[in-house]
Amino acid sequence: MFNGLVERCFGECVSSFRAKALTGPEEKCVSVCAEKFLKHSGRVGQRFGELSMQEQQHAAAAAAAGQ
């Protein structure tokens with residue numbers, strides 16, 4: 001996950017290799033990009049948890065109906 005974050009944000013935000021440090025706009029872009037990436041990853045994880053819970057409930061209901 002971390003590698004994906006670095007690759008995506010670096011590719012999107014860093015355009016010049018003339019200095020050792022990031023420029024102000026590049027730094028801001030990386031910060032915003034990382035925040036979006038982490039929020040998205042958290043939401044995806046949350047949604048997978050919700051779907052897993054629904055699947056377990058359906059399986060339990062099916063097992064109860066089969067008894």
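Which residue forms a salt bridge with E35, and how far apart are the closest N and O atoms? The partner is K39, with the closest N and O atoms 3.4 Å apart; a salt bridge is defined here as a side-chain nitrogen of Lys or Arg within 4 Å of a carboxyl oxygen of Asp or Glu. The structure is a predicted model, in which local features need pLDDT of at least 70 and side-chain atom pairs count only at pLDDT 80 or more, while totals for chains, interfaces and linings use all residues. Residues are numbered from 1 along each chain as its sequence is written, and side-chain values use heavy atoms, with hydrogens and water left out.

The protein contains two helices and zero strands, assigned as DSSP runs numbered from the N terminus (helices: H or I, at least four residues; strands: E, at least two). Helix α1 covers 2-13 and helix α2 covers 24-66, with F17 in the loop between them. The C-alpha atoms occupy a box of roughly 70 × 15 × 10 Å along the principal axes. The radius of gyration is 21 Å, whereas a compact globule of 67 residues would have a value near 11 Å; this radius is taken over C-alpha atoms, and the globule rule is 2.2 Å times the number of residues to the power 0.38.

Of the 67 residues, 12% are buried, where buried means under 20% relative accessible area, exposed over 50%, and partly exposed in between (1.4 Å probe, protein chains only). The protein exposes about 5700 Å², of which carbon and sulfur atoms supply 59%; accessible areas come from the Shrake-Rupley method with a 1.4 Å probe, and for residues only the protein chains shown count as cover.

The largest nonpolar core consists of six residues, L5, C9, C13, C33, A34 and F37. Helices α1 and α2 are the elements that give two or more residues to this core. Such a core is a set of buried Ala, Val, Leu, Ile, Met, Phe, Trp, Tyr and Cys residues joined through side-chain atoms within 4.5 Å.

A nonpolar surface patch of about 470 Å² is formed by F2, V6, F10 and F17. Patches comprise residues with over 30% relative accessible area and no salt bridge, like charges being joined within 9 Å and nonpolar side chains (Val, Leu, Ile, Met, Phe, Trp, Tyr) within 5 Å. F17 is exposed, at a relative accessible area of 64%. S16 is also found in the loop between α1 and α2, but is partly exposed at 28% relative accessibility. The C-alpha atoms of S16 and V30 are separated by 14 Å, the two residues being 14 apart along the chain.

Side chains of opposite charge can pair when their charged atoms come close. Three salt bridges are found in the whole structure. E35 and K39 both lie in helix α2, four residues apart, about one turn of the helix. E35 is partly exposed at 43% relative accessibility, and K39 is exposed at 58%. R43 pairs with E50 at 3.6 Å, N to O, and E50 also meets R47 at 3.0 Å. E50 and R47 are separated by about one helical turn because they stand three residues apart in helix α2. Through shared partners, these salt bridges join R43, R47 and E50 into one network.
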